[in-house]
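Take each task on your own before you read its solution.

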Amino acid sequence: MQNLWEDAAAAAQNGELELRVYTSRLLGRDKSLVLHGGGNTSVKTTEKNLFGEEEPVLYVKGSGWDLEAIEAAGFSPVRLEHLRRLAELPALSDPEMVNQLLTHQTRANAPVPSVEAILHAILPYPYVDHTHADAIISITNTEDGEARIREIYGDTVVVVPYVMPGFDLARLCAERFDAEAGPHTIGMVLLNHGIFSFGQDAKESYERMIGLVARAEDYLKRYNAWDVPPVADTLVKVEVAGDMARLRLDLSKAAGFPLIVSRHAEDKYLSFARRDDIASISQQGPATPDHVIRTKRLPLLGRDVAAYVEGYQKYFASHEPLAQERKTMLDAAPRVVLDSALGMCAVGKSAQDAAVVADIYGHTIDIILRATALGGYQALPAKDIFDVEYWDLEQAKLRKGGKLLPFSGEVALVTGAASGIGRACVESLLVRGAAVVALDVDAAVVTMKNGANFLGLQCDLTSETQFKQALEQGMEKFGGLDMLVLNAGIFPGGCRIESLKTEEWQRVMRINLDANLMLMRECHPLLKLAPRGGRVVVIGSKNVPAPGPGAAAYSASKAALNQLARVAALEWGADNIRINSLHPNAVFDTGLWTPEVLAARARHYGLTVDEYKKNNVLKTEVTSRDVAELAAELCGSLFAKTTGAQIPVDGGNDRVI
Ligand code: ZN
């Protein structure tokens with residue numbers, strides 16, 4: 001446990017709220033303390049109201065903010081006296097508590113205050129810090145957890161038994177604090193939940209948190225329960241791509257919508273999933289009320305699959321738009337699958353969501369391993385899990401959930417993705433919510449985009465080995481394949497048939513035709529397992545219906561590809577895979593067309609560059625984005641009943657019409 005406080009940085013903060021922001025961020029930087037919106041902090045201060053009166057205000061972390069990146073605007077100012085009066089009520093329903101929090105803020109556009117606001121209000125210190133520290137939970141989640149906590153902390157902390165977060169917990173904490181707090185009290189441990197520290201200033205409260213958690217870590221180390229080494233991977237490799245796609249289809253069917261499934265096969269996860277006692281230790285309840293886990297074992301992949309963890313959710317959703325999805329998923333879909341061959345698979349409505357799940361369960365594994373080493377992991381009892389699940393407050397928050405994008409939970413693979421039409425296709429698919437595997441022979445594809453939804457891989461498509469490796473990597477990261485955009489191709493310089501070399505002809509065929517056959521063949525078993533049916537888009541060419549002189553190899557390769565696509569449409573219809581082709585023409589914003597080449601071609605036809613660009617029936621310029629948007633739409637619901645179609649994107653061509 002590292003104390004990150006720096007005097008110079010702290011001195012640069014202006015006032016109590018800025019210091020609150022500063023130490024909140026310090027807590028947020030340590031993922032073993034808080035993770036993805038978990039934990040919360042507050043500061044009590046006074047502010048002059050409109051009538052010139054000094055009014056006590058509690059600034060408490062608002063929902064939707066992560067401590068690591070919180071700003072002053074992320075704290076909700078709530079009238080402190082009102083919160084303290086609320087704490088004296090005998091009972092308060094969760095919806096009414098939220099209503100009270102929202103209607104007693106002093107700033108209408110502040111975020112929704114943390115559900116633990118009343119708890120912060122009743123603690124008689126200006127600064128209050130709260131984390132769900134792994135070390136604390138590892139100790140409290142054992143059979144004699146309370147005794148161990150008392151042994152470690154003596155009279156320096158107040159111990160509170162587990163109660164679901166909300167009004168009842170705030171009241172219980174107030175009671176226990178009044179009864180137990182003494183001159184040495186610097187914190188409060190909530191069993192199966194986390195820890196509070198408090199102090200007169202930001203530094204004191206923060207350093208008490210660090211000191212308290214460090215004592216828990218030391219205790220675990222003393223019992224050899226801190227670093228639980230993983231067993232190295234010894235089993236034979238599984239056929240990942242197929243297993244992942246089958247697993248993803250099962251999970252998506254259970255959820256009722258497509259899901260991203262991300263594999264984690266590092267030693268820590270494999271060795272956890274292969275424990276002899278995995279069935280019992282993974283099937284207990286959640287480590288903390290942050291996580292809701294309903295558990296059961298399901299037969300998957302036709303083998304004795306591993307523990308299966310269902311309905312995994314954080315209730316302090318760090319991203320409001322995800323909240324609705326989480327609720328939906330909680331009803332039907334598992335969030336974590338533990339399999340002795342695959343390791344841990346994290347499940348989400350988006351790659352981002354799956355990454356959050358993986359982070360949280362990664363910490364849960366640490367907690368389970370440490371508690372087990374300490375003498376036996378014991379999670380929350382089933383009744384509390386049920387309570388959390390049907391918690392009014394959460395429901396109220398979830399109702400405000402965001403809108404889903406059309407390709408949420410779906411995976412697309414785009415070839416020739418580093419530039420031009422391919423690159424534009426990546427954009428069009430990402431904005432529709434898809435996770436995208438982008439392949440290109442150009443290494444620039446690897447760093448072309450950031451974000452959980454993107455995987456860029458350098459790949460020479462004429463190498464079957466390279467492609468299979470890339471596909472495997474894509475399946476490990478996202479779990480399946482729904483859409484395939486066959487874009488990669490070359491357009492060699494003009495050459496008449498009488499001078500066309502066999503090697504050149506074969507080179508063009510290899511890239512524009514043969515590689516696509518191989519791709520289609522290798523992707524077919526995965527596209528067949530797409531929850532909403534597979535879609536293939538072929539980026540063809542105007543040269544298919546209207547070939548040009550000097551482009552024999554190109555035109556013939558694209559025409560053959562076109563025929564291949566038509567046969568695929570016939571063969572794959574029964575597998576619910578649609579395949580449609582686009583025929584773009586004169587798309588000049590690609591790597592092929594430098595300003596010089598463009599100017600030369602325009603001169604050749606006696607046109608200005610602008611006239612040349614718009615030399616079509618509609619007198620309009622066709623861009624990569626135009627092609628990409630149509631390619632993405634071809635994968636969407638508008639074209640759900642279309643296969644084997646060929647659509648021009650060329651501004652109208654009098655030789656085609
Ligand atoms: Zn908490």
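**Exercise 1. Find the partner of E504 in a salt bridge and work out how the two residues are placed.**

Step 1. The model you are looking at is predicted. In it, E504 forms a salt bridge with R507, and their closest N and O atoms are 3.2 Å apart. A salt bridge needs a distance within 4 Å.

Step 2. Check the accessibility of each partner. E504 counts as partly exposed because its relative accessibility is 25%, and R507 is also partly exposed, at 35%.

Step 3. A search of the whole structure finds 28 salt bridges.

**Exercise 2. Which parts of the chain does the salt bridge between E410 and R532 tie together?**

Step 1. Start with the contact itself: the side chains of E410 and R532 meet with an N to O distance of 3.1 Å.

Step 2. Place each residue. E410 lies in the loop between helix 16 (392-398) and strand 13 (411-415), while R532 lies in the loop between helix 19 (502-527) and strand 17 (534-539), so the pair ties together parts that are 122 residues apart in sequence.

Step 3. Compare their surroundings. E410 is buried, because its relative accessible area is 0%, whereas R532 is partly exposed, at 42%.

Step 4. For another salt bridge, turn to R275 and D277, whose side chains meet at 2.8 Å, N to O. R275 is partly exposed with a relative accessible area of 25%, and D277 is partly exposed at 26%.

**Exercise 3. Which residues coordinate the zinc ion, and at what distances?**

Step 1. List the donors: E116 (OE), H130 (NE2), H132 (NE2) and H193 (NE2) coordinate the zinc ion at 2.1 to 2.7 Å.

Step 2. Read their spacing along the chain, which is E-x13-H-x1-H-x60-H.

Step 3. Judge the geometry. The four donor atoms subtend angles of 80 to 160° around the zinc ion, which makes the arrangement irregular. To count as tetrahedral, four donors would need all angles between 85 and 135 degrees.

**Exercise 4. Is H363 buried or exposed?**

Step 1. Locate H363 in helix 14 (residues 351-374).

Step 2. Its relative accessible area is 16%, so H363 is buried; the cut-off for buried is under 20%.

Step 3. See what lies around H363: leaving aside neighbours within four places in sequence, its contacts are K31, S32, L35 and D134.

**Exercise 5. Which residues form a nonpolar patch on the surface?**

Step 1. The patch consists of V617, L618 and I657, which together have about 370 Å² of accessible area.

Step 2. Locate one of them: V617 is in the loop between helix 22 (609-613) and helix 23 (624-634).

Step 3. Finish with the whole chain, which exposes about 26900 Å², with carbon and sulfur atoms supplying 52% of that area. Buried residues make up 56% of its 657 residues.

Technical notes: Residues are numbered from 1 along each chain as its sequence is written. This is a predicted model: local features need pLDDT of at least 70, side-chain atom pairs count only at pLDDT 80 or more; totals for chains, interfaces and linings use all residues. Side-chain values use heavy atoms; hydrogens and water are left out. Donors are N, O and S atoms within 2.8 Å of the metal (3.2 Å for Na, K and Ca); water is not among the atoms, so sites may look incomplete. Four donors count as tetrahedral if all angles lie between 85 and 135 degrees; four count as square planar and six as octahedral if opposite donors are over 155 degrees apart and all others between 65 and 115; anything else is irregular. Patches are made of residues with over 30% relative accessible area and no salt bridge: like charges are joined within 9 Å, nonpolar side chains (Val, Leu, Ile, Met, Phe, Trp, Tyr) within 5 Å. Accessible areas come from the Shrake-Rupley method with a 1.4 Å probe; for residues, only the protein chains shown count as cover. Helices (H or I, at least four residues) and strands (E, at least two) are DSSP runs, numbered from the N terminus. Buried means under 20% relative accessible area, exposed over 50%, partly exposed in between (1.4 Å probe, protein chains only). Contact means heavy atoms within 4.5 Å.
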